[in-house]
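Please look over the sequence and the structure shown here, and then read the briefing that follows them, which takes up one topic after another.

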Amino acid sequence: QNEWRFMSVIATSENPDAPENGEILCELFEGEFFDRCFDEMTGEFSADCPQATSVTLLISGYGTYLFSYYDASENLLSTEQGDWRWRTDTDTEFTIFEVKSPEETFEASDININVIQISDTTLQLSETQNDSDLGQQTLTYSLQLASLPFQDAECGDFTTTTGGN
């Protein structure tokens, strides 16, 4: 059980209409910022709401996980928890696990994460998603131990974008 920091999230797709393949870690931060800082009632962002610049993943041996989002000063901004379990119908044991939010079932979630590579200091995972508009897309997550030195992601000012979830 280790805490891992996301270093990059790369999206690839065979669909020529999909957004350009590449780094999407900032999109994760933008979604978290929008969820936490956008006021649906006023249609505006909360004043002085800090943006996340890093995110860690803690996977317990008991079937739970926790994402923790931090600002540039390493202050905790938000967390997101869920559940996981190993897939038992795979050719190689302990290579694919399922994840879900606390409110849903594993069957309803249908999210499978492939363990590509793991070492003492790095972890690489992948997930294939089927989007009704973009088709099949593969996300590759590269993580390192959270205790190792890192550089914050530089994503720009999310209050000037119209994105979010």
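Phenylalanine 94 lies in the loop between β7 (76-86) and β8 (96-100), where strands (E, at least two residues) and helices (H or I, at least four residues) are DSSP runs numbered from the N terminus. The model is a predicted one, in which local features need pLDDT of at least 70 and side-chain atom pairs count only at pLDDT 80 or more, while totals for chains, interfaces and linings use all residues. Residues are numbered from 1 along each chain as its sequence is written, and side-chain values use heavy atoms, with hydrogens and water left out.

- Most residues other than glycine have a negative phi.
- Phenylalanine 94, although not a glycine, has a positive phi near 60 degrees, and with a relative accessibility of 53% this residue counts as exposed (exposed means over 50% relative accessible area, buried under 20%, and partly exposed in between, with a 1.4 Å probe and protein chains only).
- Aspartate 48, which is not a glycine either, has a positive phi of about 55 degrees; aspartate 48 sits in the loop between β4 (44-45) and β5 (54-59) and is exposed, with a relative accessible area of 79%.

**Strand pairing around β1**

- Two strands are said to pair if DSSP finds at least two bridges between them, and strand β1 (residues 3-13) pairs with β5 in the antiparallel sense over three bridges; within this pairing, arginine 5 has threonine 56 of β5 as its bridge partner.
- Strand β1 also pairs in the antiparallel sense with strand β11 (residues 135-145), over nine bridges, and here valine 9 has tyrosine 141 of β11 as its bridge partner.

**Disulfides**

- If a disulfide is taken as a pair of cysteine sulfur atoms within 2.5 Å, the count comes to two disulfides.
- One of them joins cysteine 26 to cysteine 155, with an S to S distance of 1.9 Å, and because the torsion about its S-S bond is about -80 degrees, this disulfide is left-handed.
- This pair links distant parts of the chain, since cysteine 26 belongs to helix α1 (residues 25-37) and cysteine 155 to the segment after β11, 129 residues apart.
- Cysteine 26 is partly exposed, with a relative accessible area of 26%, and cysteine 155 also counts as partly exposed, at 22% relative accessibility.
- A disulfide also joins cysteine 37 to cysteine 49, with an S to S distance of 1.8 Å, and its torsion of about -55 degrees about the S-S bond makes this disulfide left-handed.
- Cysteine 37 is in helix α1 and cysteine 49 in the loop between β4 and β5, twelve residues apart, and both of these cysteines are buried.
- When the bonded cysteines of the chain are numbered in sequence order, the pairing reads 1-4, 2-3.

**The second largest pocket**

- The second largest pocket holds about 270 Å³ of space.
- Of the 14 residues that line this pocket, the closest to its centre are Trp4, Ile59, Trp86, Ile118 and Leu123.
- The elements that give two or more residues to this lining are β7, β9 (111-118) and β10 (122-131).
- On a 1 Å grid over the protein atoms alone, a pocket is an open set of points where a 1.4 Å probe fits, with protein on both sides within 12 Å along at least five of seven lines, and lining residues have an atom within 4 Å of a point.
- Grid points are joined across faces, edges and corners, and the volume is the space filled by probe spheres set on the points.
- By class, the lining of the second largest pocket has ten nonpolar, four polar and no charged residues, where Ala, Val, Leu, Ile, Met, Phe, Trp, Tyr, Cys and Pro count as nonpolar, Asp, Glu, Lys and Arg as charged, and the others, Gly among them, as polar.
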